[in-house]
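Here is a short note for someone opening this structure for the first time. Please keep the sequence and the 3D view at hand while reading the points.

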Amino acid sequence: MDTYAQLLDQLAESGALGEEWRGAFERAPRSAFVPDAVWTPDGDAPNGYRRVTRTAEPDTWWAQVHSNAVVVTQLDDGAADGPGVATSSASMPSLVAEMLGHLDVRPGQSVLDVGTGTGWTSGLLCARLGDESVSTVEVDSAVCAQAATHLAAAGFSPAIHLGDGLLGRPGGVQFDRIHSTAAVQRVPAAWIEQTKPGGVIVTPWGTPYANAALLRLEVGEAGQESHGRFVGNVSFMWARAQRPHTAVPAGVAESLGASRMDPDLAVENVNAAFAIGLCVPGVRYSHTWDEADPTGTYRMVLSDDAGSWASARLQRWDDKGSVHQAGPRRIWDEITVARLRWLEEGKPGLTDFGLTVAADGTQTIWLGGPGPLGSE
Ligand SMILES: C[S@@+](CC[C@H](N)C(=O)[O-])C[C@H]1O[C@@H](n2cnc3c(N)ncnc32)[C@H](O)[C@@H]1O
């Protein structure tokens, strides 16, 4: 991708960028917000990333900024020598455009933007709605300060708050829209309280198993339910306080068995993974290679945050002893049943599901339309 104009043409042609947003994307170019130093994936680097600066490698920097790809701007919450987990970024432009489209915002409406990051989304909202209509909140002080600098230099002045965006913007203000680029497992009560009845919340939503969906929630009258659908497949960084537990390495097996299912099918595609994740609360997985394993096979390792874990060998999975399970739950059995349920439901897609938030904050997932899971 050579220029920003070409990127915008590509987004418009793909349908991601609506005509009503094109002018804002032109007035708030991505390059005005991406910091001079970014992180580019590098398989040879110990943490998987190489630092690229605008001055030392201008061609690489500009190519990243004008590509339809995420640009990682912070690792490990800014800690030096961390494992290389991306914790802030300029999101993928097509997703930025799609999310803003789902927000369905009109001139005169107010928006709270959670997860300021580089400030690009806030800048786009200011360009469309005016500075006075936009508030943004970022949890990381260094990221927040940098975004404030870039927003001011680009000529935008939204209300910028440093703090936990899961609490919204304290102060009793209600917004027409809340837009988040930090993924949640539970829609925070503060977001419902701070959205006007009939207003809309757009946020990445996921389970520890599948951080995979974009939720568009329509907020009900005070004291009533809010309903929404999953409208797309996205994967965003978790909101800090809702990050899932770190995967637990497999320990001493309590129970050994054979698998009744090829473990590859547990993450066959995003729709299967999303549906399975809904049925196995708190479970996350990783794939590991055990060099000490004389059979030299890959395993899928699963755990929850209450002491249960399982692992399934990816080859010869139906041999006795290929599955290990320990703790109060039999996680591999749960995964197998969850996938069967997905098959029985006719392999629903992620966008066939939706979510209701009750007045007390309880979340209920449904399939087809609001009601118990599985109802139409
Ligand atoms: C994907 S980045 C945001 C991208 C941003 N919208 C942009 O245009 O560059 C996610 C951001 O959410 C922030 N974040 C994570 N948890 C948060 C929280 N609880 N409250 C506010 N910000 C949070 C991260 O520090 C990170 O900067």
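Which residues lie nearest the centre of the largest pocket? The points below start there. Please note that this is a predicted model.

1. Centre of the largest pocket. Ala86, Thr87, Phe236, Met237 and Trp238 lie nearest the centre of the largest pocket. They belong to a lining of 46 residues. The space in this pocket is about 990 Å³.

2. Elements around the largest pocket.

3. By class, the lining of the largest pocket has 22 nonpolar residues, 16 polar ones and eight charged ones.

4. The second largest pocket. Its volume is about 300 Å³. The lining is made by 13 residues, and Trp205, Thr207, Leu278, Pro281 and Gln363 are the closest to the centre. Six of the lining residues are nonpolar, six are polar and one is charged.

5. Helices α4 and α5. The crossing is right-handed.

6. The α4 and α5 contact. From α4 come Pro93, Val96, Leu100 and Leu103. They meet Trp120, Thr121, Leu124 and Leu125 of α5. By class, seven residues of this contact are nonpolar, one is polar and none is charged.

7. Helices α1 and α2. Look next at helix α1 (residues 4-14) and helix α2 (residues 19-27). Their axes come within 11 Å and cross at roughly 160 degrees. Angles over 145 degrees count as roughly antiparallel, so α1 and α2 are roughly antiparallel to each other. This crossing, too, is right-handed.

8. The α1 and α2 contact. Tyr4, Ala5, Leu8, Asp9 and Ala12 of α1 meet Arg22, Phe25 and Glu26 of α2. What classes do these residues fall into? Five are nonpolar, none is polar and three are charged.

Conventions:
Residues numbered from 1 in each chain as written. Predicted model: local features only at pLDDT ≥ 70, side-chain atom pairs only at ≥ 80, totals over all residues. Heavy atoms only, no water. Left-handed = near helix turned anticlockwise from the far one by under 90°. Helix = DSSP H or I, 4+ residues; strand = E, 2+ residues; numbered from the N terminus. Contact = heavy atoms within 4.5 Å. Nonpolar A, V, L, I, M, F, W, Y, C, P; charged D, E, K, R; others polar. 1 Å grid on protein atoms, 1.4 Å probe; cavity = no way out; pocket = protein on both sides within 12 Å on 5 of 7 lines; lining within 4 Å. Points joined across faces, edges and corners; volume = space filled by probe spheres on them. Axes fitted to C-alpha atoms, helices over the stretch in contact; angles between N-to-C directions. Parallel < 35°, antiparallel > 145°, perpendicular 65-115°, else oblique.
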